[in-house]
Amino acid sequence: MQARIIQSGVAHLAARGFSLDRIFPLLGIIRGQDRTTVRRDLVAGLTVALFTIPQAMAYALVAGFPPSTGIMTAVVASIIGAAFGSSEFLVNGPTNAIAVMLAAHIALSAANLGDPVSEIIALTLLIGILQLLAGTLRLGSFTRFVSEPVLTGFTAGAGIYIAVNQLPSVLGIQKSDLVADLWGWVPPHNAFFDLLRTLGSVASSNLTAVAIGAATLVMVRSLQWAEPRLGYRIPAPFLTVVILTLVAYLLGLGEADQGALRLVRDIEPVARELPTLVLPVLDLHQLVDLLGAAMTIGLLGAVEAIAIGKLLAARAGHPFDANRQLIGEGMCNLGASLVGGFASSGSFTRTAVNYEAGAVTRLSVIYSGVLVLAIVWLLAPAADYIPIAVLAGTLIHIGLKLVNLGRMRWLMQTTAADRAVLLVTFFAVLGATHLEYALLLGVVVSIFQALHRAEGFNLELLAEGPDGHLIELPLEAPPGGRVVAIDLQGELFFAGAEELEQRLKEIYDSGTRALVLRLSHAYNLDATCAEAIAQVARYARSRRGHLILAGVKPGMYGTLERTGLVREMGADAIFRHEPLLLSATTKALAYAHALVGEDEAPGRAADPTH
């Protein structure tokens, strides 16, 4: 009896569109597994794991965390993100841009922080909550307002920031030993001044670290150069870290009498441990201080993840839901904060590796998280001997690859607006002490440029030819004819209302008696622009002239009715849109000539083209 009730309830929910697979997509994926799918996902997961380990450790150093925390963050974020997100291939975890923004937050707020690590854990928790809330409110579509020039400029700037940030480690200089002032002045911390500080401290470099760092860059580049020639994907960062760590260990380079090369164990030994529960503390005062950074970092993380997810979903033919992905991002950041980790997002590098390695389902991402944990568990003691210069060299390589010169060159050649947004964002990153401000500045400039373009309506003169046909000409000055037809093109919203009113009044000032305003190519008329048109109609009447509207579509006609303009102008002066091209405009012109003829009877109206 109970079984029948449950079965009936499930059938009822299914009929209403409810499905457990919609809430937990992994259930359907697991049911659809076969031997081939499992094998391909496992191979892809292992490949991703080998890329993840050195990157996660390196990004942890950037964010101000011990390397082992980067591993735990990568494990938890990848598993939870895959379980709750929308993408079949997206790999969540530590990323370069997010790590840099966390580091910049610590650097700027250092004087006000008690424990920087606890602050970042609380910030990660807040980022997760905000992303969950945004996904629940279905705000994922708003991420499209962060334009490509903003992302390209920010990513390129962040890449240089990473390289500058890691240069002291490659030179074997601790950041506390860098020169504090330049020419008697203590400048703020940003990429530009940090580079000058590093160059001013070159005399105290460790030549062993320099050699190891240079070898890292050469080896990673060489292995990646060999990839297309060998025909398969090589985990270049992983192999580089393993080989150079082995070389440093065999040569005893981490011992005091061999140049004291700094190793991972000098920061914190990597222990064999599973993720453990940490309860972040977030009080009201801290919430206010962290809200701006959380919103900006959360926005950047969401944009990164959604952009990557959309790209691969389109390529593979999978459905993608930006709001569900936002929920996935929020869940993975909540999970990271609960194991003492830091903020994460979708990694383009590791996601591309996953896709190209032949992944079929999101289980490949979950396998990668489990395999990272297994590899670190087995090799934890060996990880203590990884030279910091090797991880720093790997990060410099990654950072420089983020500077996509080809894409930047292409954007510089598109429009002046794209060029301005790209350059403002790029240089803001290099000069900012808080990277979220650089990102927000880029977004604001991008929106400003979009509004500027939107307010740039266009007016075209429709001149009457000798055969009665209308000829479209640029309106460079008031035409001065007794009857004039103008084609108004573009968005009709408040930003352009004042200019529109002024330009139309200038036409009457040039001697025009009747103006036919064609609105077939005008869109989204708002109350402010409707009032501007009403003011033009009143101005025309004050000069014994006429304003006639032509090609008015149903939606715009409704707006004109609601604002009272139809009643004020009279329905006879408004010619509604007709399917036949220029039919409404032709009728409106005939009406305008008749009005002017009546005004000037018994004489005939002047030729409007003269």
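# Contacts, packing and rings

Me: What pLDDT do side-chain atom pairs need in order to count?

Reply: Residues are numbered from 1 along each chain as its sequence is written, and side-chain values use heavy atoms, with hydrogens and water left out. This is a predicted model: totals for chains, interfaces and linings use all residues, local features need pLDDT of at least 70, and side-chain atom pairs count only at pLDDT 80 or more.

Me: Is T198 buried or exposed?

Reply: T198 lies in helix α9 (residues 191-200). Helices (H or I, at least four residues) and strands (E, at least two) are DSSP runs, numbered from the N terminus. Buried means under 20% relative accessible area, exposed over 50%, and partly exposed in between (1.4 Å probe, protein chains only). T198 has a relative accessible area of 1%, so it is buried.

Me: How many helices and strands are there in the protein, and what share of the residues is buried?

Reply: The protein has 24 helices and nine strands. It has 610 residues, and the buried share is 51%.

Me: What share of the contacts with a separation of 6 or more comes from residues 24 or more positions apart?

Reply: The count takes in contacts in the protein with a separation of 6 or more. Of these, residues 24 or more positions apart account for 80%.

Me: How do α8 and α18 pack: roughly parallel or roughly antiparallel?

Reply: Helix α8 (residues 148-170) and helix α18 (residues 416-431) have their axes 8 Å apart, at an angle of about 25°. Axes are lines fitted to C-alpha atoms, for helices over the stretch in contact, and angles run from 0 to 180 degrees between N-to-C directions. Angles under 35 degrees count as roughly parallel, over 145 as roughly antiparallel, 65 to 115 as roughly perpendicular and the rest as oblique. That angle therefore makes α8 and α18 roughly parallel.

Me: Is the crossing of α8 and α18 left-handed or right-handed?

Reply: The near helix may be turned from the far one by less than a right angle: anticlockwise is left-handed, clockwise is right-handed. The crossing of α8 and α18 is right-handed.

Me: How far apart are the C-alpha atoms of S446 and V421?

Reply: S446 and V421 are 25 residues apart along the chain. Their C-alpha atoms are separated by 5.8 Å.

Me: Is α4 roughly perpendicular or roughly parallel to α16?

Reply: The axes of helix α4 (residues 35-63) and helix α16 (residues 388-401) come within 9 Å and cross at roughly 95°. That makes the pair α4 and α16 roughly perpendicular.

Me: Which residues of α16 make the contact with α4?

Reply: The α4 side is P54, Q55, M57, A58, Y59, L61 and V62. The α16 side is I388, L391, L395 and I398.

Me: How many residues apart are F89 and Y355?

Reply: F89 sits in the loop between α5 (67-84) and β1 (92-93), and Y355 in helix α14 (residues 348-356). F89 is buried at 3% relative accessibility, whereas Y355 is partly exposed at 23%. The pair links distant parts of the chain, and the separation is 266 residues.

Me: Which ring does the charged end of R576 sit over?

Reply: A charge sits over a ring if NZ of Lys or CZ of Arg is within 6 Å of the ring centre and within 35 degrees of the ring normal. R407 has its charged end over W410, 4.4 Å from the ring centre. For R576 the distance to the ring centre is 3.8 Å, and the ring is that of Y557.

Me: What is the phi of N524?

Reply: N524 is in the loop between β7 (522-523) and α21 (527-542). At 54% relative accessibility, N524 is exposed. It is not a glycine, yet its phi is positive, at about 55°.

Note on methods. Contact = heavy atoms within 4.5 Å.
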